[in-house]
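Me: I am new to this structure. Please take a close look at one part, the place where the chains touch.

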Amino acid sequence: MALLSRFLQAFALLFLVIAVSAEHTSNWAVLVSTSRFWFNYRHLANVLSLYRTVKRLGIPDSQIILMLPDDMACNPRNAFPGTVYSNADRAVDLYGDNIEVDYRGYEVTVENFIRLLTDRLDEDVPRSKRLGSDAGSNVLVYMTGHGGDQFLKFQDAEEIGAWDLADAFGQMWEKKRYHELLFMIDTCQANTMYTHFYSPNIVATGSSEIDQSSYSHHADNDVGVAVIDRWTYYVLEFLETQVTSVTSKLNLGDLFDSYDESKIHSQPGVRWDLFPGGEQEGRLRTVVDFFGNVQNVEVENANATEPGSLKEDLAEIARLVEKWQKRDEEYADVLSARNTTDDSPTASLHLKPKGRVGPTKMAEDGSWGKRLVGITVVGACTAIWIAGSVLGRKSV
Amino acid sequence: MALKSAIRNLRSNPHLLFVRLPKLLSLLCIVVGVAWLLLLPLNEYSRRTYISENALLPGQVHAYFTGSEQNIFRGYKKELQAILNDETKDKSEVTAGVSDKVQSIFEEAGLKFARQNYEYNSAGNTHEGENSYAIIHAPRGDATEAIVLVAPWLTADDKLNLNGVTLALTLARYFKRWSLWSKDIIFLITPDSKTGTQAWIDAYHDMHPASVQPLPLKSGALQGALVIEYPLEHRFQTLHIVYDGVNGQLPNLDLFNTAVSIAGGQMGIGANLQEMWNHDDSYEHRLQTMVRGMTKQGLGYATGAHSSFMPYHIDAITLQTKGEGWEDEMALGRTIESLCRSLNNLLEHLHQSFFFYLLMQSNRFVSIGTYLPSAMLLAGNFTIMAIALWMRTGYYPESKPVQSKGEKASAEKAKTSNIAERKLALPLSLVVGLHLLGLVPLWVFNNISHQYFTTITYVVLGVDIILPLSLAAILSNGLGLSKPLIPQQYHLIKSFSLLLLGLSLSTLATLNFSLSFIIGLLCTPLSFMARLQGPAPARLATSGLGLILLNLLSPPTVLLGVCWYTNVSVETVLTEAAFGWDVWGMWTQVVVWCVWWPAWLIGGVLLGSSIF
C-alpha cells in the first residue's frame with residue numbers, strides 16, 4: 001500500500017510541475033446565471049446558449065458546471081412548455097433533451113459558487129458538482145444576471161462583490177486550479193466586476209462600463225419576455241458563425257474585435273494586464289482554447305534531474321525498494337538463525353511470506369447434522385403452509 | 001442685535017405671541033396648503049408615470065384574440081339577445097333563462113360554474129340578485145392565486161352591458177385553451193355594478209352577512225380584478241379607466257399604468273380618466289382631472305364594480321368603452337387578454353408602485369410625499385390655533401390685553417407671574433357632548449327609510465340654526481343653570497374643538513387625503529371664530545353676518561348646495577350614502593357627523609355667544 005501511495009504522490013507531483021507551461025491539458029467551463037423569476041428568462045437563455053456552444057465545441061458535460069437558479073422550461077407561464085429559446089425564431093430549443101444542470105434553484109448561491117471555484121466542498125458532494133480543474137486546465141467562467149458597481153446579484157437574496165470574485169480566482173491560482181482563465185460577464189456595469197482581479201493568467205471581458213446598463217437584445221412576442229441580452233447575443237453570433245469547429249484558428253483578438261458598440265448599446269471591456277505577455281500574447285490564444293476541448297497529453301521531460309522530477313522520484317523509489325528488501329533479508333536471517341537453535345515449530349510460521357497464505361477451507365465438522373436440521377425446518381414450513389391453505393379453504 | 005431685541009419684544013409681548021402670531025400662522029398654513037395643491041399639476045411638481053414592477057412586462061405578448069373568436073362572440077351574443085328580447089316571458093323568467101344560458105356556455109367551454117344569491121336591505125330598499133361565476137384552473141399552476149374578470153349585466157351608469165358579458169364568455173372559452181396560466185382565472189357575471197361584486201368578494205373572504213350566500217367554489221388569493229363594460233351598440237373610441245375604490249382607496253398605480261400602456265402603446269386605443277374626454281395636457285385640464293379625482297376619493301363611494309375589491313387589498317380597475325370610433329369588441333378583448341397576460345406574469349402581489357397618488361393625466365401623477373403636506377398644513381392650522389389657545393388660557397386671566405401706557409409694565413408683570421388656573425370641566429364636557437351628539441344624525445341618516453331623507457335634511461338645517469344660538473344663550477347668561485362663562489372657558493372650548501379637528505384631519509389625511517382636504521377647507525373659518533367684543537351694534541351686526549355665513553358652510557347646507565348645483569336630488573345622494581354605509585362599509589358619514597359637524601356647531605356657539 002505504501003508503495004502505491006508513493007507512486008500516486010509522484011504522479012500528482014508530476015502534474016504540478018508542468019503547471020506553468022503554454023499548453024493546457026483540459027478544458028472546464030463554469031456557466032452561471034444568477035437571477036431567477038420569469039421576467040429574467042433571458043439570463044437563463046444566455047447561459048443555456050453558451051452551454052450549447054461549449055458542448056458543440058467539445059467540452060463534455062462532466063467538465064461543464066451549469067448553474068441555473070430557475071426552471072424556465074417548466075414555468076407555467078411558458079407558452080412552449082419544456083423549452084427555452086434564445087431567439088424569437090425559436091429554431092433551437094436550448095433545453096432539448098441533452099442537458100445536465102449541476103446547480104439548480106436555491107443551490108445557486110454565492111457560497112456554493114465560491115466553494116465550487118476554490119474546491120472547498122464537503123467530501124460527500126458528487127463529482128458532477130465539483131470543478132475538477134487542475135494546473136493544466138483552461139477554465140471559462142461566464143456569469144450573467146443583474147449587477148451594479150462591483151457586485152452581481154444572486155437570486156434577489158445576496159450578491160457577490162468584485163473582491164470576492166478576485167479572491168476566489170486568487171485562491172484558485174494558489175491551489176493550481178487553472179492554467180489560463182477566461183472570465184466573461186454580461187450584466188449592468190459588468191466591467192467593474194473584474195477590476196480587482198490580481199491572479200495571473202486571466203483574460204477578462206464584460207458587457208458594459210461603469211454606470212452603463214446592459215440591454216436585452218429582443219423579446220419573443222409569444223413567450224412574452226426578452227429572450228437574450230445584446231452582448232451575449234453578439235458573442236454567440238461570432239461563436240456560432242465563425243468558430244464552426246474545434247479546429248478553428250480564430251483567436252480571442254478576433255472575438256473581442258467583433259464587439260460593435262453600436263449594436264451592443266454599451267461599451268464592452270477587456271482586461272489583458274494579468275496575462276503574461278499582455279494583450280499581444282493574449283490575443284493569440286485561440287477561442288477554442290477556452291470554448292473547445294483539447295486532448296493534449298503532457299509528456300514530461302525524461303532527462304530532468306531536479307528534485308521532484310520523475311527520474312529523481314523513480315530513483316528514490318528504487319532505493320526504497322532496495323532498502324526494504326535488504327531489511328526483509330536481514331530479518332529472515334535472524335529468524336533462521338533462531339530457528340536452528342530453538343527448533344521451535346511455531347517460529348517457522350513467521351517466515352512464511354504473506355502471499356502464500358491461501359484461503360482457508362471452512363470446517364466440515366457436523367455438516368450432516370446441519371443438513372438434517374435444514375431439512376427438518378423446510379419440512380415443518382411446508383407442513384404449516386399445507387395445513388394453512390387447507391384450513392383457509394375450509395373457512396372460505 | 002436686531003434679532004435679539006425682536007425675540008425679547010416677542011417674549012415680553014404675550015398679546016403678539018398668543019393672539020396675533022397664531023392667527024397669522026394659521027392663515028399662512030391655509031394659504032400655503034391651498035397653493036401647494038394648486039402647484040401640483042405643474043411639470044416641476046408632478047411626475048410621469050412608469051411601470052415599477054419588473055414582472056408585469058406590459059404589451060410584450062402578442063394578443064391572438066381575433067378572427068374566428070369574433071364569430072363565437074356574435075354567436076353568444078345572439079343567443080343571449082334571443083332570451084333577453086323574448087316578449088312572452090316575464091322578468092324573472094328572463095333572468096333565470098339568461099343565467100342558465102351563461103351556465104351552459106361556461107360549462108361547454110370546460111369551466112367549473114357556480115352561483116350565489118344575495119340580498120341587501122338599505123334605507124328601505126331591497127337589493128337582491130344572483131351572481132354567476134366560473135373558474136379556469138391554471139393547467140400548470142398551483143391554484144394558490146387567481147385573477148378576476150368581472151362583467152356586470154348593468155354598468156355603473158345602469159346601462160345593459162350585453163357586449164361586456166358576451167366578451168367575458170368568449171374570453172372564457174378562449175383562455176381555457178391556453179396552457180400558460182400561472183394563476184386561476186375567475187369569470188364573474190354580476191347583475192349590477194353596485195351590489196354583485198360586493199356580495200361575491202365578501203363571501204369569497206367569508207366576511208359576508210347572513211343575507212348573502214357563501215360561495216360553493218373558490219380559488220386562491222386574488223391578485224387583481226378587471227371589470228369589463230361595453231354598453232354601446234357601436235364601435236368605441238377610447239377606454240375610460242375608472243380606478244377609485246370605496247373610502248378613497250386606490251389600486252396600485254402599476255395596474256393603472258399597465259392598462260394605459262397596453263391600451264395606448266400596444267393596441268393604439270386612447271385611455272381617459274375621470275371623464276376628461278378632451279384632455280389637452282394643459283394646467284387647467286390637469287387640475288380639473290385632479291380635482292375630479294379628489295372629489296370621488298373624498299366622497300368615498302364605489303365608482304364601479306371594481307371598487308368593492310379595494311378594501312380586500314385586491315387591485316382592480318374598470319375598463320369602460322366610450323365614444324364612437326374604430327375599435328370593436330375584439331380590440332377590447334385583446335386589451336384584456338394582454339392585461340391578463342401581464343397579471344399572469346406577476347410573481348407576488350402588486351406592491352412596487354404607489355397606492356396613494358393623484359392622477360392628473362393618464363401618464364402624469366403626484367405621489368403622497370408630494371401632495372400630503374397640503375392637507376397636513378390645513379389640518380395643522382387648527383392644531384396651531386388649539387395649542388396657542390391652550391397656552392393663552394394658562395397665561396391670560398382676561399382676554400383684553402390693551403391697557404393704558406402707564407399701567408402696562410406693572411400689569412404685564414402681574415399677568416406673567418400670575419398663572420391662571422384653567423376651568424376645564426364645562427369646556428371638556430361641552431366638546432365631548434357635541435361630538436357624541438354627532439352620533440344621532442349618523443344613526444338617523446343610516447337607518448331611516450329613504451323617503452324621509454329630504455325632510456330630515458331640512459330638520460338638521462333648522463337644528464343648525466337654533467342649536468348654536470340656544471347653546472350660546474345658555475352659556476353666556478347661565479339662564480339659571482350655571483354661572484355665565486368666563487372668557488377663558490370660551491378659549492378652552494375652541495381649543496379642545498380645534499385640537500380634535502386638527503388631530504382627526506391629520507390622521508385622516510394619511511388615509512383619505514381628499515376627504516381630509518375637503519373637510520379641512522370647509523372648516524377653515526372655524527380657526528377664526530371667537531366671541532366678539534366691542535360696542536353692541538357693531539358686535540351684533542358682525543356676529544349676525546358671521547352666523548349667516550357660517551350657516552352657509554354647515555354640513556346640510558353644503559349638501560343641499562352641491563345637490564342643487566349638480567342637479568341631483570338630496571334623496572338620491574343620501575340613499576347612496578346609506579347604501580354605502582350598509583353595504584360597502586363607507587366611512588364618509590362618520591367624518592361628516594362626528595368630526596365636521598361638532599366642530600362646526602362649536603364654531604357657531606362661539607360666534608353666537610357674542611350676541612348675548
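Reply: Start with the polar links. Across the interface of chain A and chain B, 11 residue pairs are in polar contact, both residues at pLDDT 80 or more. A polar contact is a pair of N or O atoms within 3.5 Å; within protein, one must be able to donate a hydrogen and the other to accept it, and residues adjacent in sequence count only if both atoms are side-chain atoms. Two elements of chain A each give two or more residues to the side that touches chain B: β10 (216–220) and β11 (225–229). Strands here are DSSP runs (E, at least two residues), numbered from the N terminus. By class, that side of chain A has 12 nonpolar, four polar and three charged residues. Nonpolar covers Ala, Val, Leu, Ile, Met, Phe, Trp, Tyr, Cys and Pro; Asp, Glu, Lys and Arg are charged; the others, Gly among them, are polar.

The model is predicted: local features need pLDDT of at least 70, side-chain atom pairs count only at pLDDT 80 or more, and totals for chains, interfaces and linings use all residues. Residues are numbered from 1 along each chain as its sequence is written, chains are lettered from A in the order in which they are written, and side-chain values use heavy atoms, without hydrogens and water.

Salt bridges between chain A and chain B number zero. That term means a side-chain nitrogen of Lys or Arg within 4 Å of a carboxyl oxygen of Asp or Glu.

Now the extent. In contact are 19 residues of chain A and 19 residues of chain B, with heavy atoms within 4.5 Å. The two chains bury about 1,400 Å² between them, 52% of it on carbon and sulfur atoms. Buried area is the accessible area (1.4 Å probe) lost on being put together, summed over both parts. In chain A, F39(A), P76(A) and R77(A) lose the most area to chain B, together 46% of what that side buries.

Note on methods
Helix = DSSP H or I, 4+ residues; strand = E, 2+ residues; numbered from the N terminus.
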